[in-house]
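Please look through the sequence and the model first, and then follow the account below with both at hand.

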Amino acid sequence: MALNLPDENERPEDRSPLLEVEDLHVEFRTRAGTAEAVNGVSFTVDRGETLAVMGESGSGKSVTAQAVMGILDMPPGAITGGSIRFCGRDLLGMSAEERRRVRGEGVSIIFQDALSALNPLFPVGWQIAEMFRVHRGASRSEANKRAVELMDRVHIPDARRRAGDYPHQFSGGMRQRIMIAMAIALDPGVLIADEPTTALDVTVQAQIMELLAELQEELGMALILITHDLGVVADVADRVAVMYGGRVVEYADVFDAYRRPAHPYTKGLLESIPRLDQVGSDLQAIGGTPPSLMDMPLGCAFHPRCHYRRETCVTTPPPMYTVGPERASACHFYQEVLDDHGDR
Amino acid sequence: MGRYALRRLLQAVPVVVGTTLLIYWMMWALPGDPFAGRCGERACPQDYIEAMNAQFMLDQPLLVQYSAYMANLVQFDFGVTYNMVPVSTLIAQALPVTLRLALIALAVEAVVGIVAGVIAGLRRNGYFDTLVFVSTLVALSVPIFVIARFAQWGLGVNLGWISPTVSNEATWAELLVPGAVIATTTTAVLARLARTTIAENLRADYVRTAIAKGLPRSRVIGVHVLRNSLIPLITLLGLDLGSLMVGAVVTEGIFNINGLGGLVYNHILRLDSTVVVPVATLFVLIYIFANLVVDLFYGVLDPRIRYE
Ligand SMILES: Nc1ncnc2c1ncn2[C@@H]1O[C@H](COP(=O)(O)OP(=O)(O)O)[C@@H](O)[C@H]1O
Ligand code: SF4
Ligand SMILES: [Mg+2]
């Protein structure tokens, strides 16, 4: 029942990246109009890597994650272009049944609000065990045993006894641990964490991030971490994709992006916090408002808020310029932005 | 949970006392003399009327009558009617019929209402959904006695599929159509409730999680969505059990069924409170009991509910 994950011994040049998203387009067609929530997003992640996805709320982070998981609300949502490949297989082209098997086995997700994401009427152990029963055909007792092991593994105290408790009987942090246990149950290649700590207390946030980092190390999975927390990104991510108005506007190594951003929006984000290693800071402090997805500005979507703006920005949308190896920016004047940070 | 149930049952005592007193008083306040017209063409002899009044304590003040009556009632002594028939015999004959009718109605509501509502909720704005919408609209806007008359005339007189009236045995088969008629309103309400509940739950976060877990759609809906949608539906059904007993009164009259409804109706006409008060008390008790069962069942269905 295992998926064709790449063989560890295979030579690196023979294998495609674990997850490749290319030029993804997602629309929502509602009565109020068509919202282009995702507008040509591309990224790749491999085993053991962490990709951070940053951006203001409404920039299309969750929709991208949902498209990768295959859990978009369709309708009103629709994938109108691009491809998503997992282990070289096109997820968008496969049958519903094949796609279902990739969920949980190949790619998993955890959400911001674990309380509403868990079914209120079933014990948490049962909800974890369901993974083994459905995907592996495990017996009830075998599945329950594995569920308790997983709860132990995500450091839930007294796991055996607590497996029979219901979601509302746990604290927020413990609930998120249960979500994590469920998501890693089948040892997936990719774990998507969509703002996993936003709803939690600061101290608990740190513990959950620690757990995710620890599990990633042990299991060697790829982690896509959607977060507002710039401190966390600096700590755990290898690469960062900064999203604005449904596009990735900067794609870079975390170290490069933080030291010398190549896009005015990334620069704005970094300047909105006094210190990079500060935990729990938010991304809201850039002047102006996010663009309306129903009525995107012509040219560069960021131009109404951009200090680097020129004539070209208003008329011509910037392509994804290659800034360096594995580095790209959607800004006509990325060189200027880079140069402003040359002395750092 | 046991203590909660006990407390709820004790709370029922003042309710029962209050309602019985009210009913007793209303019967007492009805104009007319229950014994005056009982002797055919002639007026009844004055000493017969006086003797009857004395036997049933009708010459006493209301509260004295009521206390004596209730004292007997709590000892399960229901007394006799003004015709000297034991009230307990009458109730024992009529209760099973009405219960049968209510159970049939409940089954129709549960099966037809929930199935139709769930399918409509899963395929919203589809052909079946529209069908459910229109038929529930009709069911909700036409009064029960019209539907009852229509069923009696259409199925009974015209097509001859059923007997227009129900025999004294009131078998399950005979009660099927009358039961379905009583069920119409609640079936329609239940179908609509099921539709909205299913549609709402389909959008819930935990359903998204269930899909993300890679569960087959049948399991996402059959286990996760359905289990969460069941709570309001069971609540409605349970609460309806009480109203079904009372609602049977109208339908029993039309189909000539000898249930509790007919029993009460006939005795109200005769100004005979001996049957009316215990049957009304029974209705109240069943209502309270159904409510309690729903409340306790709610705790079984939803672990978030606590009883203190
Ligand atoms: N279910 C939906 N129906 C309609 N529009 C949606 C839906 N989900 C998301 N969108 C649109 O997509 C945009 C991006 O949403 P999202 O990806 O959730 O942003 P975020 O980056 O904060 O996660 C939203 O502003 C909204 O307009
Ligand atoms: S393209 Fe122009 S408006 Fe857009 S970010 Fe670059 S400088 Fe600013
Ligand atoms: Mg989001």
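The paragraphs that follow take up the ligand site and then the domains of each chain.

This is a predicted model, in which local features need pLDDT of at least 70, side-chain atom pairs count only at pLDDT 80 or more, and totals for chains, interfaces and linings use all residues. Residues are numbered from 1 along each chain as its sequence is written, chains are lettered from A and ligands numbered from 1 in the order in which they are written, and side-chain values use heavy atoms, with hydrogens and water left out.

Around ligand 1 there are 13 residues, of which the closest are A:Gly58, A:Gly60, A:Lys61, A:Ser62 and A:Val63; a residue belongs here if one of its heavy atoms lies within 4 Å of the ligand. By residue class, this shell holds 5 nonpolar, 5 polar and 3 charged members, with Gly counted among the polar ones, Asp, Glu, Lys and Arg as charged, and Ala, Val, Leu, Ile, Met, Phe, Trp, Tyr, Cys and Pro as nonpolar. Helix α1 of chain A, residues 61-69, gives the most to the shell, with 3 residues; helices here are DSSP runs (H or I, at least four residues), numbered from the N terminus.

A backbone N or O atom of A:Lys61 lies 2.9 Å from a ligand oxygen, a polar side-chain atom of A:Ser62 lies 2.7 Å from one, and a polar backbone atom of A:Val63 is 2.8 Å from one. The protein covers 69% of the 560 Å² of accessible area that ligand 1 has on its own, as computed by the Shrake-Rupley method with a 1.4 Å probe.

Chain A is divided into domain 1 (17-237) and domain 2 (247-343), with bounds that come from an automatic or database domain assignment. The C-alpha centres of these two domains of chain A lie 27 Å apart, and 26 residues of domain 1 are in contact with 22 residues of domain 2, where contact means heavy atoms within 4.5 Å. About 2100 Å² is buried between them, 60% of it from carbon and sulfur atoms, buried area being the accessible area (1.4 Å probe) that two parts lose on being put together, summed over both. On the domain 1 side of chain A, A:Glu56, A:His228 and A:Leu230 supply 33% of the area buried against domain 2, more than any other three residues.

In chain B, the assignment gives domain 1 (2-74) and domain 2 (88-301), whose C-alpha centres lie 32 Å apart.

Note on methods: A polar contact is a pair of N or O atoms within 3.5 Å; within protein, one must be able to donate a hydrogen and the other to accept it, and residues adjacent in sequence count only if both atoms are side-chain atoms. Helices (H or I, at least four residues) and strands (E, at least two) are DSSP runs, numbered from the N terminus.
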